[in-house]
Amino acid sequence: MAHLAHDPATGGISDATKTVFGHYRQQIRTRRVYSIIALVVFAIVLAMSLNFANAANSGKFFERLPYLFDFLRSFVPNDPLEIFRAMFDLPSPYADGSMKYDFTSQRFYLTETLYIPHFIYELIITVNIAIVSTIIGGGLAFVLCFFAATNLVGAGVVRFVVRRIMEVLRAFPEIVIAGLLTAILSIGPIAAIFAISLHTIGALGKLFFEVVENADMKPDEGLRAVGATWLERVRYGMLPQVLPNFVSYTLLRTEINVRASTIIGAVGGGGIGEAFRLSIGNNHAAKTYAIIILLLVTIIAVDQFSGWLRRRLVGNQAFEFGRGAA
Amino acid sequence: MSNVLAIDETERARLKSSHAAVLHKPWWKRWALPIGLVATVLYLGFCYVFFNVGPAFENGKWDRAALYLQDWYSWRAQPRLKFADGKVTATWSSRGQYPADAIIDWLTLHDDGSMTVTFGSEADRLEVTPSLVTAYVGGEPHEITIGTDTVTAPPDAPGAVRQDGTKVIVDYGFAGQAEVRTNQVYVQRRFLGWSNFWFDTRSAYWGLNPLEVIQLMLSSERIDPTRSNFDTAVQNFLGNGVWQHGDILSKLLQTLVMAFVGTLLATLFAFPLAFIAARNITRSRPVNWLMKRTFDFLRSIDMLIWALFFTRGFGPGPIPGIAAIFFTDAGALGKVYAEALENVDDRQREGVKSVGAAPSVVNRFGVVPQVLPVFISQSLYFWESNTRSATVIGAVGAGGIGLKLLEAMGTNSDWDKVAYMVLLILAVVFIFDNISNALRSRLIGRSH
């Protein structure tokens, strides 16, 4: 014990401690060198990427920056109320026959006098696209996921095939599905529904089967012991455990799908996305701001509602990997 | 047989009263599943009407759908065999799958000016002269006479030879079809695979098999005296006029750069701000609130809006894509990071604080080591998902492979190119998913 004792003459540290301390310093130094090398490589890749992006862009960043501000300055409605007139299809006092101030012609009349404003109608289409695709995609993912789970399906071939199908559906570019269907069925929401549904099968299917694989197998064992069939095991042993998480992931998917359906809408699926692309492309400031506000409100409302519902169903546990398979 | 397990009256009563919640659910809980299913079906029925699904499917161009899908994995040679001065001459569409003087084995010109087109075998062929086309279907000849105003199929013709107004269509299934008109025969000959995928007809490497290509690459005799044969091959490949490999690969790189830079910048931006938003680190409720609402605002504006907005500002290209990903993900990552920070273990911070460290040092050694793996793993998730969404963002105007895809689909005849780009995207997404998975599992392994 003597060599570990405190020795005031040598500054309070024994030789053994010094060696350990030296090794520690050495390791810290090596780690620091590695960190610095990693950071430098990272910085170089970032710089090269930025440079490439700038070179590939049709307008250069610093050249175009003043134009961006000019665009912002010129992109202002005549008065703030114009935005709300555009939103609710009320006649504009600036009407001059051009599309820019024509807010009334695209009303959707329910009866002689009662109408749904154009953008709100488009918004309803977009939200419905999202909901329908979540239902279709979620339903098919629900059926498929049990065949991809190791703990329920013994046959490796089935699992392999189902998982690969899910992977391909997840990674397949949505615009190609939408584009192909647009070519066959002409422009409209069906293309968007198909594209988003297929993607949803892949994304939700993956999350679902991971939930199934993490489920407690004791109820399943019990059911197997009394001779339950595969379907009965899934229904009574698995489903009650996984359903809350399934619902939570499906709600999260709905949030993502609302965003996706606006984007797909802009490339030929119809709905508010297309209206937005047209209005910003034609410099219709009031209409553009009206759509931005509508979209913002919708997305916040959908997020809040689904968040509230999820919290009621599963508490806070299922929030963490929300974007896992987005 | 009677039950092995028997429950007597008192036991039943006891169970009923002690597990009332299980045995006596309210009616709406018991009927939740059927009611939910019926509501869903009703809703889907409403949407079926609302989106006009029925009429849209009825009016769909399903015959074209088959054609488009065949185009994904096969190609069509489309010569027009025109009649002039008692002779037949072939003219080619702009896509030009054959060089001008190529010898084509399925299209033979005879000395008398007539032509033979074979569709897969000798039994299925067309003998074309300006006044008479003989279509052999399964070995049976059918004489199609060409008048001045109209072309007539023989009366005993099978289903494959079909009169369509003034023209006659001969259908050979997958191998192709021919439209016999008064002044020409429009032939569509289909082959499996992609035509001229490696080299186009202008290249010296055209029509060679892989072995010959390698031989030519390594031969010392230069095709182009200014550069090596290998260099020529690479240049010819990238400059392929039909497939545009160079352009497509650079567009793909643009999309990848969008996702990478966008996510990275969002990470760098959200990292410090998350410390301000976290309640346990910055002890000022108004500042926390303001920061969190800023994240919510950024997150809630659709990526589409950012993308189109910056496309107006900077023109199409990766910059609007980067900006769109940056703004949405800065908000989303900020929120996730702030939540992770609020869940840190306080003991480590207290330990560092107790030895008198400054606030920044407390965060550096008491907080960052705990949250860094979580932060990086979340950013990797976002990177993965952005690699996919950058394609769509590109299509609405930000450029990259998305716009290229949209252009190719818009022509309705470049589906083979669409298939090629889809394969590239799938490959890239798989590779990046695996990289990100590997990085993530290493990180999480280390943090345990």
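The following exercises, each with a worked solution, concern a two-chain model.

The model is predicted: local features require pLDDT of at least 70, side-chain atom pairs count only at pLDDT 80 or more, and totals for chains, interfaces and linings use all residues. Residues are numbered from 1 along each chain as its sequence is written, and chains are lettered from A and ligands numbered from 1 in the order in which they are written.

**Exercise 1.** Describe the elements and the spread of chain A.

*Solution.* Begin with the elements, where helices (H or I, at least four residues) and strands (E, at least two) are DSSP runs numbered from the N terminus. Chain A contains 11 helices and two strands, and from the N terminus their order is α-α-α-β-β-α-α-α-α-α-α-α-α. Next, take the radius of gyration over C-alpha atoms and the globule rule as 2.2 Å times the number of residues to the power 0.38. For the 326 residues of chain A the rule gives 20 Å, and the radius of gyration, 29 Å, is well over this, so chain A is more spread out than a compact globule. Finally, turn to the domains, whose bounds come from an automatic or database domain assignment. Domain 1 of chain A covers 13-50 and domain 2 covers 115-319; their centres, taken over C-alpha atoms, are 44 Å apart.

**Exercise 2.** Repeat the analysis for chain B and state how much of the chain is buried.

*Solution.* Chain B has 16 helices and 13 strands. Its radius of gyration is 34 Å, well over the 22 Å given by the globule rule for 448 residues, so chain B is more spread out than a compact globule. Along the principal axes, the C-alpha trace of chain B spans about 100 × 85 × 50 Å. Of its 448 residues, 35% are buried (20 or more other C-beta atoms within 10 Å of the residue's own, with C-beta atoms placed from the backbone).

**Exercise 3.** Identify the edge strands of the six-stranded sheet in chain B.

*Solution.* Write out the strand order first: β4-β5-β6-β7-β8-β9 of chain B, an open sheet with antiparallel pairing (two strands pair if DSSP finds at least two bridges between them). The edges are β4 (107-109) and β9 (151-152) of chain B; each has a single partner strand, so one side of each lacks a neighbour in the sheet. Within the sheet, β7 (residues 132-137) and β8 (residues 140-146) of chain B are joined by six bridges. A135(B) has H142(B) in β8(B) as its bridge partner.

**Exercise 4.** Characterise the side of chain B that touches chain A.

*Solution.* Count the residues in contact (C-beta atoms, placed from the backbone, within 7 Å): 54 of chain B meet 51 of chain A. By class, the chain B side has 38 nonpolar, 11 polar and five charged residues. Here Ala, Val, Leu, Ile, Met, Phe, Trp, Tyr, Cys and Pro count as nonpolar, Asp, Glu, Lys and Arg as charged, and the others, Gly among them, as polar.

Notes
A residue is buried if 20 or more other C-beta atoms lie within 10 Å of its own, exposed if 12 or fewer, and partly exposed in between; C-beta atoms are placed from the backbone. Two residues are in contact if their C-beta atoms, placed from the backbone, lie within 7 Å.
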